[in-house]
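Subject: Structure for your review

Dear colleague,

Please find below the structure that I promised to hand over. My notes on what was found in it follow directly after.

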Amino acid sequence: MIFKKLYLQDFGVFGGGFDRNTIDLQPREKDGSLRPIILFGGLNGAGKTTTLTAVRLALYGRQSLGKAVTTIRYHDFLADSVHKPRNQLLAPSSAAVQLDFDFGRRGEVIDYTVKRSWSKNGNNITELLEIYQNGELIKGLTDEQKQSFLNELIPIGVADLFFFDGEKIAELAEDDNNAVLADAIDRLLGIDIINRLKADLSVYLRNQKKDKMPEDVQTQINICEAIYKKQYGLYQEALADLETKKIVRTELVSIKERQLQTVNELGGAWASSRQEEEAKELQLREEKSSLTNQIKALLADAVPLSLAKSQIQALLQQLQAEQQCKKERILEDELNQKILAIKQSLLSSLGDEHKQQIESALDGQTIQASDSINIIHDISDSEFNRLLHIVENVVPKQQAELKALSSRLEEIEGELEAIGINISRAPDEKRIESYVAELSETDKKIGAVEAELEQHKKEAKDALKLAMDALRKLRDHEKQYSVSSSVTKGISLAENTKDLLSQFAAQTRERRIATLEKEFLKSFSKLARKDDLLIKARINPETYSVTLLDNNGNAIEKQKLSAGEKQIFAIAMLEALGRTSGKALPIIIDTPLGRLDSKHRKNLVRNYFPTASHQVLILSTDTEVDEDFYQELAPEISHAFEVEYDPEAGCSSYNEGYFWRS
């Protein structure tokens with residue numbers, strides 16, 4: 001299958017007819033080889049995702065929005081998808097998408113064109129689906145038959161493995177209970193069809209057996225059936241509401257991104273933070289004043305002593321010498337007094353006749369302190385110790401405080417300068433007032449939709465629980481009063497068919513899952529980094545639980561994988577599912593690199609995109625496929641488009657080229 005062209009008429013953010021919005025999707029030949037990659041670049045909110053939405057809508061209509069979407073919800077989506085231009089008196093009331101593609105069947109290449117158009121008249125939506133085969137309109141089919149024809153060409157369960165976005169990757173990456181993987185495998189293998197057939201046979205058997213049961217049991221069964229149908233219907237409605245609200249939220253988020261881009265272009269980013277900046281400026285000025293006072297207090301205290309280190313050191317040496325000298329003089333006085341006392345005592349005891357001998361013996365023992373130190377300051381010991389404490393402890397501590405305070409003061413001066421620039425950049429509030437009001441209103445709508453999403457989730461969960469409770473009671477009654485001896489031939493055949501379908505489904509799962517495991521290992525090995533775990537996947541055919549194994553066969557918990565490894569796991573699983581399907585379809589992948597680090601991105605760019613399919617449509621921002629990655633992909637790029645949004649006109653356009661390449 002090859003997509004050739006996509007046409008949009010007043011669809012989403014794209015205004016105008018097919019002549020203005022025609023996108024050439026067919027791979028082109030360059031340097032003697034057919035290049036598979038068509039690259040779409042656009043900023044967030046510009047409308048690049050519309051390419052994926054339009055392809056899915058053209059092929060699958062209501063089914064493109066998800067399971068169990070009601071006609072009313074689908075019509076609401078179609079009405080909301082009609083382009084809403086700015087500054088235009090008459091808004092369009094109709095829209096259309098058209099897809100041209102070649103499809104190989106039984107060795108023949110058939111040219112198909114699918115055009116899906118709709119118009120709104122008040123609250124009513126009129127939809128028209130046209131299918132052309134080799135240029136001839138296919139006639140005589142109802143709308144349901146036309147859709148069935150398209151589903152036979154490309155089953156939607158298979159298409160989900162080829163046309164996907166970053167959200168699908170994220171769902172599979174964080175799918176700890178395997179619900180997303182189980183659904184993908186079931187739809188890939190057609191197990192969902194088998195399950196529906198088994199359910200229909202169960203209804204047939206129940207109706208056949210009911211007549212043979214006691215009347216009171218039949219009454220209980222009828223009550224359980226009624227409860228089940230009602231609650232399951234509510235569950236389906238809640239799911240439909242959930243899917244619809246998800247679409248509404250996605251659209252609102254896109255609108256918000258466009259509005260935010262417009263506001264930012266008008267300087268709104270500065271205006272929105274002006275009050276915050278002004279409050280921060282006031283806070284910083286108060287802190288600056290406090291710091292200044294603290295610095296003044298330190299300068300009025302001991303800090304200035306640090307400016308005269310040599311003089312202070314000389315002073316301390318002088319004071320220490322003076323203290324030592326004073327101690328020596330005190331000791332001299334005390335010793336001389338002791339000698340005098342001894343002399344007096346000896347004279348008293350021995351008499352004056354020995355006076356000369358005593359004086360000559362003791363006079364030579366007197367001590368005389370050094371006179372080399374000149375006492376200048378003559379301070380007390382307590383004053384000296386206080387001064388020593390100030391110089392050795394207080395001054396260094398206050399120096400450190402002064403350094404920290406001065407450093408913070410310098411930081412504040414820089415922050416105040418930056419804040420002043422930011423405040424000066426803020427535009428006049430009146431200039432952007434209306435745009436900010438629109439943005440605020442969109443934010444409120446997103447909040448309301450998210451609250452409704454949570455409510456629908458709760459309603460779906462509660463309704464499903466009640467439905468399953470009723471179904472269990474119903475089966476208990478059937479088992480209790482099952483008729484085994486007088487079954488009719490029809491009942492016997494139906495029961496045998498149910499068993500056969502179960503066996504067929506089990507064997508089909510086992511064979512395909514074995515293939516899927518091998519394909520996953522190939523895909524993961526080529527996408528993983530050298531320092532990633534080289535993992536294998538073992539998938540339980542009954543529960544679809546995935547066991548990840550390392551090279552040594554040891555089980556690895558999926559939660560222990562890094563964020564990048566989880567993303568690579570999801571992409572590898574999608575590629576493996578696609579290859580297991582046996583279908584050769586184009587791949588459309590929207591924002592695939594957002595959550596990957598640079599090394600994983602490089603592996604994806606080198607080892608996945610060029611070989612993923614014969615036709616690969618990549619929808620990317622300039623930060624995902626940047627100049628470096630563009631050069632990596634260049635040998636495989638057929639051509640590229642940039643999706644540009646015009647905020648004044650309120651619409652986008654496709655222009656051939658890619659950001660920096662025209």
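Lysine 256 is partly exposed because its relative accessibility is 28%; buried means under 20% relative accessible area, exposed over 50%, and partly exposed in between (1.4 Å probe, protein chains only). Its side chain meets that of aspartate 443 in a salt bridge (2.9 Å, N to O), where the term stands for a side-chain nitrogen of Lys or Arg within 4 Å of a carboxyl oxygen of Asp or Glu. Lysine 256 belongs to helix α8 (residues 215–265) and aspartate 443 to helix α14 (residues 429–480), so this pair ties together parts that are 187 residues apart in sequence. Helices (H or I, at least four residues) and strands (E, at least two) are DSSP runs, numbered from the N terminus. Aspartate 443 has a relative accessible area of 34% and is therefore partly exposed.

Please note that this is a predicted model, in which local features need pLDDT of at least 70 and side-chain atom pairs count only at pLDDT 80 or more, while totals for chains, interfaces and linings use all residues. Residues are numbered from 1 along each chain as its sequence is written, and side-chain values use heavy atoms, with hydrogens and water left out.

Further salt bridges

The structure holds 23 salt bridges. In one of them, the side chains of aspartate 111 and lysine 4 meet at 2.4 Å, N to O. This pair links distant parts of the chain, since aspartate 111 sits in strand β7 and lysine 4 in strand β1, 107 residues apart. Aspartate 111 counts as partly exposed because its relative accessibility is 22%.

Another salt bridge joins the side chains of glutamate 287 and arginine 408 (2.8 Å, N to O). Glutamate 287 lies in helix α10 (residues 274–299) and arginine 408 in helix α13 (residues 381–425), so parts that are 121 residues apart in sequence are tied together. Glutamate 287 is partly exposed, with a relative accessible area of 26%, and arginine 408 is partly exposed as well, with 22%.

The antiparallel sheet

An open sheet is formed by six strands in the order β2-β1-β6-β7-β8-β9, with antiparallel pairing; two strands pair if DSSP finds at least two bridges between them. Its edge strands, β2 (22–24) and β9 (136–137), each pair on one side only. Strand β6 (residues 94–105) and strand β7 (residues 108–121) run antiparallel and are joined by 12 bridges. Within this pairing, alanine 95 has tryptophan 118 of β7 as its bridge partner.

Helix α1 (residues 49–60) packs on the sheet and touches β1 (2–9), β6 and β7, and its direction makes about 75° with that of β6. Contact means heavy atoms within 4.5 Å. Axes are lines fitted to C-alpha atoms, for helices over the stretch in contact, and angles run from 0 to 180 degrees between N-to-C directions. Helix α3 (residues 143–153) lies across β6, β7 and β8 (124–133), running at about 50° to β8.

Asparagine 134, in the loop between β8 and β9, has a phi of about 50° and is partly exposed, with a relative accessible area of 45%.

Strand β5 pairs in the parallel sense with strand β15 (residues 616–620) over five bridges, and leucine 39 has isoleucine 618 of β15 as its bridge partner. Strand β5 also pairs in the parallel sense with strand β16 (residues 637–646), over six bridges, and isoleucine 37 stands opposite isoleucine 637 in β16.

With kind regards
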